[in-house]
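Hello,

Here is the structure I promised to pass on. Please open it first, then read my notes below.

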Amino acid sequence: MRIKWYGHAAFLLHYSDGTKIITDPYVSGCFDNSLRYSPISDEADFVFISHHHPDHDGAANIRGNPRVIDQPGIHTAGSVMVTGIRTFHDSEQGRLRGTNIVYLFSGVGLRIAHLGDLGHLPEEQAPSIRPVDILLLPVGGFYTIGPEAASQTISLLQARLVIPMHYKTERLDFPIADLEQFTRLFPNVQRIENDAIEVESKLIPREPQVWVLKHSG
């Protein structure tokens with residue numbers, strides 16, 4: 001299968017049966033142009049939304065007439081089984097920013113977790129999520145867990161391949177940490193000179209690795 005990072009928390013999961021899933025598509029130009037990743041032009045069959053903030057819910061702009069899912073529970077997306085798990089957007093049980101949904105995608109022998117805007121250590125939810133082959137992990141802090149908590153979450157979820165997201169870039173003016181504050185915590189970081197990777201179960205490293213993608217927007 002192929003995983004493409006558009007920027008922020010938006011990914012395309014393109015499975016070998018042709019199923020195309022987009023997670024948390026942003027609205028380009030939202031928050032007074034603080035988010036300047038390019039509009040997403042790819043089509044999708046399914047769009048999964050972790051919460052309804054414009055940097056995560058641009059489903060109306062996705063081509064292909066996708067089915068939009070924004071609820072916890074068990075869902076089917078083509079050949080992929082998806083489990084949505086309720087979490088919080090902050091460390092105070094949602095009192096500051098509300099709830100968040102973690103999605104676990106199970107298909108082609110891979111367990112992929114997209115954590116959305118997770119704002120706390122998911123200790124209570126971890127048994128329902130782990131182990132994780134590929135973890136799409138927010139690392140920027142302020143609105144989500146920060147670098148240190150992200151590192152703890154990797155261990156908590158028994159993640160093997162980690163793709164960081166939701167951090168400060170030249171296209172994002174949010175008051176969050178840049179990538180280096182996260183990657184400096186890890187000895188094994190690979191920088192992929194592309195916005196996408198091809199993955200299969202036999203290629204997933206046994207020990208945790210961080211793979212940094214280039215955003216496409």
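Along the principal axes, the C-alpha atoms fill a box of roughly 45 × 40 × 35 Å.

Before you go further, some ground rules. This is a predicted model: local features need pLDDT of at least 70, side-chain atom pairs count only at pLDDT 80 or more, and totals for chains, interfaces and linings use all residues. Residues are numbered from 1 along each chain as its sequence is written, and side-chain values use heavy atoms, with hydrogens and water left out.

Overall make-up

The protein chain has four helices and 14 strands. Both are DSSP runs, numbered from the N terminus: helices are H or I with at least four residues, strands are E with at least two. Of the 217 residues, 56% count as buried. Buried means under 20% relative accessible area, exposed means over 50%, and partly exposed lies in between (1.4 Å probe, protein chains only).

Contact means heavy atoms within 4.5 Å. Take the contacts with a separation of 6 or more: residues 24 or more positions apart account for 57% of them.

The chain exposes about 9300 Å², and carbon and sulfur atoms supply 46% of that. These areas come from the Shrake-Rupley method with a 1.4 Å probe; for residues, only the protein chains shown count as cover.

There are 19 positive and 25 negative side chains, and the centres of the two sets lie 3 Å apart. Lys and Arg count as positive, Asp and Glu as negative; His and the chain ends are not counted. Each charge is placed at NZ of Lys, CZ of Arg, CG of Asp or CD of Glu.

The cores

The largest nonpolar core has 55 residues. Ile3, Phe105, Ile134, Leu135 and Leu137 have the most contacts inside it. A second, separate core of 17 residues includes Leu12, Ile22, Leu35 and Leu172. A nonpolar core is a set of buried Ala, Val, Leu, Ile, Met, Phe, Trp, Tyr and Cys residues joined through side-chain atoms within 4.5 Å.

Leaving aside neighbours within four places in sequence, Ile3 touches a list of residues including Phe11, Leu12, Ile134, Asp195 and Leu213.

Ile129 sits in helix 2. Its relative accessibility is 0%, so Ile129 counts as buried. Beyond four places in sequence, Ile129 is in contact with Ile85, Val102, Leu104, Arg111, Ala113 and Leu157. Val102 is 27 residues from Ile129 in sequence, and their C-alpha atoms are 8.7 Å apart.

Backbone points to check

Most residues other than glycine have a negative phi, and most peptide bonds are trans.

The peptide bond from Arg130 to Pro131 is cis, with omega near -5°. Pro131 lies in the loop between helix 2 (126-129) and strand 10 (132-138).

Asp32 is not a glycine, yet its phi is positive, about 55°. Asp32 belongs to helix 1. With 80% relative accessibility, Asp32 counts as exposed. Asp32 and Gly18 are 14 residues apart in sequence, with 36 Å between their C-alpha atoms.

His166 also has a positive phi, about 60°, without being a glycine. His166 is in the loop between strand 11 (159-165) and helix 4 (180-183). Its relative accessibility is 0%, so His166 counts as buried.

Two loop residues

Ser38 lies between helix 1 (30-33) and strand 4 (46-48). Its relative accessible area is 31%, so Ser38 is partly exposed. Ser28 is ten residues away along the chain, and the C-alpha atoms of the pair are separated by 6.0 Å.

Gly58 is in the loop between strand 4 and strand 5 (67-69). Its relative accessible area is 3%, so Gly58 is buried. Setting aside neighbours within four places in sequence, Gly58 is in contact with Pro25, Tyr26 and Val27. Gly58 and Val47 are eleven residues apart in sequence and 9.4 Å apart, C-alpha to C-alpha.

Best wishes
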